[in-house]
Amino acid sequence: MSLTTNLVSYYKFDEASGNAADSTANANTLTNVGTVTYSAGKINNGASLNGTTQYFDITDSTSLRITGDLSVFAWVKFNTANTASYVLSKGFESDNNITRAYNFGFSADNKLNFFVSSAGSGGGQAQVAWTPSTGTWYYIGAIYTASAGSVSFYVNGSQQGSTITGLQTSIYSSASKTFVGSYDQTYYYFKGLLDELGIWSRVLTSTEVTSLYNGGAGLQYPFSTFTPNTSNFFAFF
């Protein structure tokens with residue numbers, strides 16, 4: 001299986017200004033809101049967000065209406081730690097227009113956070129403790145397995161804490177916007193650098209996560225490293 005299998009969108013943030021292109025064929029270009037700037041990232045450029053008014057969004061995209069398994073990973077560098085902020089959010093809650101699907105980010109009490117709703121309202125979240133430092137690059141992510149209603153969090157290629165169960169077993173097919181760098185258009189803005197954001201509609205294996213982390217160097221897209229599907233190998237005795 002290739003790292004590009006079921007890769008819905010991948011944002012390199014290598015632009016010098018303007019919108020952020022999706023490197024996949026789905027072409028889910030992110031609109032730059034609040035004049036997000038770009039500066040040296042983990043790999044080439046990254047998006048530099050001010051934590052108050054800047055984010056990216058995209059109007060409804062069929063490919064981003066992920067209703068089952070979901071993996072999301074990105075390189076992040078915080079300017080401010082211990083602040084509620086989001087990397088990715090599919091849904092819209094402002095002005096009481098509540099349509100929730102999924103989101104991944106951080107709580108104000110030093111926890112990675114993943115939320116999923118199967119009905120568009122309500123839902124459940126899972127959290128795992130993590131205390132990052134400012135000015136340091138981290139490769140963070142969440143892997144949601146729909147059938148199990150579970151999520152596993154990863155930091156720098158290794159699972160953070162235990163797999164958490166008890167979440168809903170599907171994701172609502174929301175027609176709302178998708179936001180990057182905020183919860184929605186009004187709050188929980190990300191403050192720092194964001195780079196190499198990938199969204200998959202499947203469960204990544206631990207080996208694939210290790211490949212993406214690449215010993216701390218990151219893996220440049222298009223990926224030149226592929227992970228074999230070991231389920232197709234047979235042992236002979």
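The accessible surface of the chain comes to about 9700 Å², and carbon and sulfur atoms account for 48% of that area. This is a predicted model. The chain holds one helix and 15 strands.

**Overall shape**
- Along the principal axes, the C-alpha atoms fill a box of roughly 65 × 40 × 35 Å.

**Packing and contacts**
- Buried residues make up 52% of the 237 in the chain.
- Take the contacts between residues at least 6 apart in sequence: 65% of them join residues at least 24 apart.

**Charge**
- The chain carries 10 positive and 13 negative charges.

**Gly135**
- Gly135 sits in a loop. Strand S10 (124-129) and strand S11 (137-145) are the elements on either side of that loop.
- Gly135 counts as exposed because its relative accessibility is 53%, and the cut-off for exposed is over 50%.
- Lys77 and Phe78 are in contact with Gly135, once its neighbours within four places in sequence are left aside.
- Val76 is 59 residues from Gly135 in sequence. In space, the C-alpha to C-alpha distance between Gly135 and Val76 is 9.4 Å.

Key
Residues are numbered from 1 along each chain as its sequence is written. This is a predicted model: local features need pLDDT of at least 70, side-chain atom pairs count only at pLDDT 80 or more; totals for chains, interfaces and linings use all residues. Side-chain values use heavy atoms; hydrogens and water are left out. Helices (H or I, at least four residues) and strands (E, at least two) are DSSP runs, numbered from the N terminus. Buried means under 20% relative accessible area, exposed over 50%, partly exposed in between (1.4 Å probe, protein chains only). Contact means heavy atoms within 4.5 Å. Accessible areas come from the Shrake-Rupley method with a 1.4 Å probe; for residues, only the protein chains shown count as cover. Lys and Arg count as positive and Asp and Glu as negative; His and the chain ends are not counted. The place of a charge is taken as NZ of Lys, CZ of Arg, CG of Asp or CD of Glu.
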